[in-house]
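Open the model in your viewer and keep the selection panel at hand. The stops below say what to pick and what is found there.

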Amino acid sequence: MADADPPADAFDRLRLIRTAGVGPVTYRQLLRRFGSARAALDALPDLARRGGGRAATPADSKVIAREIERVAALGARHLFLDDPAYPALLAALDDAPAVLTARGTLPEASRPAVAIVGARNASAAACRFARGLAHDLACEGATVISGLARGIDTAAHMGAGAATVAVIAGGIDVAYPPENAELQARIGEEALLLAEMPPGTEPRARHFPHRNRIIAGLAQGTVVVEAAPKSGSLITARLANEAGREVMAVPGSPLDPRAQGCNLLIRDGATLIQTAADVLEQIRPLDARLVRAPAAPYQPPLPADADDAARRIVTALLGPVPVPVDELIRQAGIVPAVVQMVLLELELAGRLERHAGARVSLSA
């Protein structure tokens, strides 16, 4: 990976990102509201108190220093959201990771990017198909993205060779599943390995949906090769659809439970694919003459100070069921900037959870 100078305030940014209660959306809002990570860190205690929780404590400086040293020792680097090398497709997500740990070589931005995901307990035939599809896509100049899980993911990485990106749920130095330790190490040396969690983090169930959004966000389209009706692969497909990306699926026998998820996706509108040519046809760029570029990138409203009345109104509208922020703003009858500030305060206080699709709910 080409070396690049980290931001001058990289230490403060990483400390802000690793602070409990600061998620990707809140991180961006804090930087826009206060102008720098240092100023945002100073403001955290007061913001959390306004949200009705304990004073937020910034991440321990010693822990951050150890993380930076560990990442460097692994031959990796921190890739911050506004880094020019940060993948543009991923940055387009509202909840794009504020920082990634990257080991290896970032693919050229001009290469098409395709995610291939599927069952961990996949059939031999499905694994062979995924491996061949990934190989053919790589030969056509595409980058293949997957999650380094057993089954379809592993087959896709092996088929793509050096033209692959592996997104893992734990720390970049933690091999999971253990049998893929050698493959993970090889990808970090010959291709690209990405992790959102700090080094040393053992993957937990709650980490995998976060990893899935990165897989979907990095790609122009997601291919599901084999999946049960309720599986992580279908979560990835849903996230890809919510991000406006192509969703494709490989049909299977109705008699095989592992194919039911793919067949349901196709029934609900996913594109049926059988070859690499089918995939590339779906993600080919539109003629530039048919696309009108926006005058300026969309920016959410800058959070503005809220009073107690606004906090009462917004909090009363929230509950355990996730609700779109736009709907919250409509029902509250309050300017969006003030609603965003209330949500920011509640999240820092540990009282708010953010969900995919710009939805929020009160913490259980």
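## Stop 1: α13 and α14

The crossing of α13 and α14 is right-handed. This is a predicted model. Select residues 308-317 for α13 and residues 325-332 for α14. Their axes come within 10 Å and cross at roughly 125 degrees.

Now show side chains. On α13, the contact is made by Ile313, Val314 and Leu317. On α14, Leu328, Gln331 and Ala332 make it. By class, this contact of α13 with α14 has 5 nonpolar residues, 1 polar residue and no charged ones.

Stay on α14 and centre on alanine 332, which is found in that helix. Is alanine 332 buried or exposed? Its relative accessibility is 11%, so alanine 332 counts as buried, the cut-off being under 20%. Draw a C-alpha to C-alpha distance from alanine 332 to valine 314: the two are 6.2 Å apart in space and 18 residues apart in sequence. Leaving aside neighbours within four places in sequence, alanine 332 is in contact with Ile313, Leu317 and Val339.

## Stop 2: α6 and α7

Move to α6, residues 124-139. The axes of α6 and α7 come within 7 Å and cross at roughly 35 degrees. What is the handedness of the crossing of α6 and α7? It is right-handed.

Select the α6 side of the contact: Ala126, Cys127, Ala130, Arg131, Ala134, His135 and Ala138. Then select the α7 side: Ile152, Ala155, Ala156, Gly159 and Ala160. By class, the contact of α6 with α7 has 9 nonpolar, 2 polar and 1 charged residues.

## Stop 3

Leucine 148 has a positive phi of about 60 degrees, although it is not a glycine. Its relative accessibility is 0%, so leucine 148 counts as buried.

Next, find the loop between β5 (164-168) and α8 (181-190), where proline 177 lies. Zoom in on the peptide bond from tyrosine 176 to proline 177. That bond is cis, with omega near -5 degrees.

## Stop 4: α1 and its cover

Select α1, residues 10-17. How many of the 8 residues of α1 are buried? The count is 7, and the helix is mostly covered. The buried residues are Ala10, Asp12, Arg13, Leu14, Arg15, Leu16 and Ile17.

Focus on arginine 13, found in α1. At 12% relative accessibility, arginine 13 counts as buried. Not counting residues up to four places away in sequence, arginine 13 touches Pro7, Tyr27, Ala37, Phe80 and Asp82. Display those side chains together with arginine 13.

## Stop 5: cysteine 262

Jump to α11, residues 260-267, and select cysteine 262. Cysteine 262 is buried, with a relative accessible area of 0%. Which residues is cysteine 262 in contact with, leaving aside its neighbours within four places in sequence? They are Val224, Val225, Glu226, Ala227, Ala249 and Val250.

Draw one more C-alpha to C-alpha distance, from cysteine 262 to alanine 237. The distance is 10.0 Å in space, across 25 residues in sequence.

## Last stop: the whole chain

Clear the selection and zoom out. There are 15 helices and 12 strands in the chain. The radius of gyration is 21 Å, close to the 21 Å that the globule rule gives for 364 residues, so the chain is as compact as a globular protein of that length. Taken along the principal axes, the C-alpha atoms fill a box of roughly 60 × 45 × 45 Å.

Colour by burial next: 49% of the 364 residues count as buried. Of the contacts with a separation of 6 or more, 71% are between residues 24 or more positions apart.

Key:
Residues are numbered from 1 along each chain as its sequence is written. This is a predicted model: local features need pLDDT of at least 70, side-chain atom pairs count only at pLDDT 80 or more; totals for chains, interfaces and linings use all residues. Side-chain values use heavy atoms; hydrogens and water are left out. Axes are lines fitted to C-alpha atoms, for helices over the stretch in contact, and angles run from 0 to 180 degrees between N-to-C directions. Helices (H or I, at least four residues) and strands (E, at least two) are DSSP runs, numbered from the N terminus. A crossing is left-handed if the near helix is turned anticlockwise from the far one by less than a right angle, and right-handed if clockwise. Contact means heavy atoms within 4.5 Å. Ala, Val, Leu, Ile, Met, Phe, Trp, Tyr, Cys and Pro count as nonpolar, Asp, Glu, Lys and Arg as charged, and the others, Gly among them, as polar. Buried means under 20% relative accessible area, exposed over 50%, partly exposed in between (1.4 Å probe, protein chains only). The radius of gyration is taken over C-alpha atoms; the globule rule is 2.2 Å times the number of residues to the power 0.38.
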